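Okay, thanks for having me, everyone. Have a look at the model on the screen, and I'll walk you through it piece by piece.

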Amino acid sequence: MGTPMQARDMSSAGATDASMLRPMSATDLDRVLAVEVQAYGFPWSRGNFIDSLAAGYTAELLEQANGTLLGYYLALPGVGEMHLLNLTVAPAFQGRGLAHRLMDRLEARARELGLTSLWLEVRASNARARALYGRRGFAEVGVRRDYYPAPGSRREDAVVMSRTLDDTHRDEPADADADADADADGAVRERHRCGVQEDAHGAR
Ligand SMILES: CC(C)(COP(=O)(O)OP(=O)(O)OC[C@H]1O[C@@H](n2cnc3c(N)ncnc32)[C@H](O)[C@@H]1OP(=O)(O)O)[C@@H](O)C(=O)NCCC(=O)NCCS
C-alpha cells in the first residue's frame, strides 16, 4: 500500500479528524464505487477502475483515520503529460477544500514524475468543476462535441482543459491556445475522461 502521506485536514467534518492520502488499490473499490454512484449520474464501473489500476495509472484516495472515504483521483501519466481521468469528493464532504487537497497531490505527483503539463476533460455543464480547474490555472483549450452520455439518451460536450506545471502559482492560467479545436488538432485523446464517456471500453 505504500507509505501514506499523513496530513491534518482542519476543514473536513470533525475539524480534528486526521485524514491521509494513500494509493488506491482493488481492495478499496467497494468504498470507491459507493462514492462514485453518489457523485455521478453516469458513474464509472468497477471494471473501469480495475482496468485503470491494472494498467498502473496513478490513483490515490483521501480518507479519514477511521476509514471514511473522502475522495479520490485517478490519472494517466503519459509522455510529458498527466491526464486526470477522475476527480471525486464524496458528496457529504464537498465544499470543504478537499478537491484542492487532491489536486495538490496530483500536481505534486506529476512533478515527481518529471511531467510538465496536466490535461483533463469536464462536462460543459459542470460549472463547479470548471471553476475549480480555472482557479488552479487550467485553461479551456477546446471542446469535444457530444462526448458524454446525458439523461434522455442525449449527449453532452466535453470541455478540454490543460495547464503547464512550469510555474508554482495555482491561479495563473496555462499558456494555451484558447481557440484550439481539440477534435481538429488531435490534442484530445479517448483516454481524457474526467467523468464518464463512451470509448473503446464501452459506456462510462
Ligand atoms: C467538483 C468537486 C471535485 C469539487 O470538490 P470540493 O471538495 O467540493 O471542492 P472544494 O471544496 O475544494 O472547492 C473547490 C472550489 O469550488 C467552489 N465551490 C464550492 N461549492 C461550490 C458551488 N456550489 N458552486 C460553485 N463553486 C463552488 C469553492 O469555493 C472552491 O473555490 P476556490 O478555488 O475559490 O476555493 C466535487 O464537487 C465533486 O466531486 N463533484 C462530483 C464529481 C465531479 O464532478 N468531479 C469532477 C469531474 S471533471
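Let's start with a helix: how many residues does α3 have, and how far does it reach from its first C-alpha to its last? It has 15 residues and reaches 21 Å, close to the 21 Å expected at 1.5 Å a residue. That expected span is 1.5 Å times one less than the helix's number of residues.

Before I go on, some ground rules. This is a predicted model, where local features need pLDDT of at least 70, side-chain atom pairs count only at pLDDT 80 or more, and totals for chains, interfaces and linings use all residues. Residues are numbered from 1 along each chain as its sequence is written. And pLDDT, by the way, is the predictor's confidence in each residue, from 0 to 100.

So how confident is the predictor here? The protein chain averages a pLDDT of 83, and 73% of the residues score at least 70. Over residues 171-192, though, the pLDDT is below 50, and beyond near neighbours in sequence that stretch has 48 contacts in the model. Residues 199-204 also stay under 50, with 15 contacts beyond four places in sequence. When I say contact, I mean two residues whose C-beta atoms, placed from the backbone, lie within 7 Å.

Now the overall picture. The protein chain has 5 helices and 10 strands. Those are DSSP runs numbered from the N terminus: helices are H or I with at least four residues, strands are E with at least two. Buried residues make up 37% of the 204 residues. Buried means that 20 or more other C-beta atoms lie within 10 Å of the residue's own; 12 or fewer is exposed, in between is partly exposed, and the C-beta atoms are placed from the backbone.

Back to α3. Its buried residues include L98, L102 and L106, and what covers the buried residues of this helix includes β3, β4, β5, β6 and α4 (127-135). Just after α3, G114 takes a positive phi of about 75°.

The arc is that of the directions from the helix axis to the C-beta atoms. If you're new to helices, here's the handy bit: an α-helix has 3.6 residues a turn, so residues three or four places apart point the same way.

Next, α2. Here N48, F49 and S52 are buried. They cover an arc of only 95° around the axis, which puts them on the same side of α2. G47, I50 and A54 are exposed on the other side.

Okay, strands. Why is β3, residues 58-64, described as largely enclosed by the rest of the structure? Because 6 of its 7 residues are buried. Strand β2 (residues 18-23) is joined to β3 by 5 bridges, and the two run antiparallel; in β3, the bridge partner of R22 is L61. Then 6 bridges join β3 to β4 (residues 69-77), also antiparallel, with A59 opposite L74 in β4. Strands pair if DSSP finds at least two bridges between them.

The hairpin of β3 and β4 has 4 residues between the strands, and G67 there takes a positive phi near 95°. Is G67 buried or exposed? With 7 C-beta neighbours inside 10 Å, G67 counts as exposed.

Last stop, the inside. The largest nonpolar core has 42 residues, and those with the most contacts inside it include Y72, L84 and M161. A nonpolar core is a set of buried Ala, Val, Leu, Ile, Met, Phe, Trp, Tyr and Cys residues joined through C-beta atoms within 7 Å. The largest share of this core, 7 residues, comes from β4.

M161 touches L120 and F138, among others, not counting residues up to four places away in sequence. L120 lies in strand β6 (residues 117-123), and is buried, with 25 other C-beta atoms within 10 Å. The C-alpha atoms of L120 and F138 are separated by 9.2 Å, with the two residues 18 apart along the chain.
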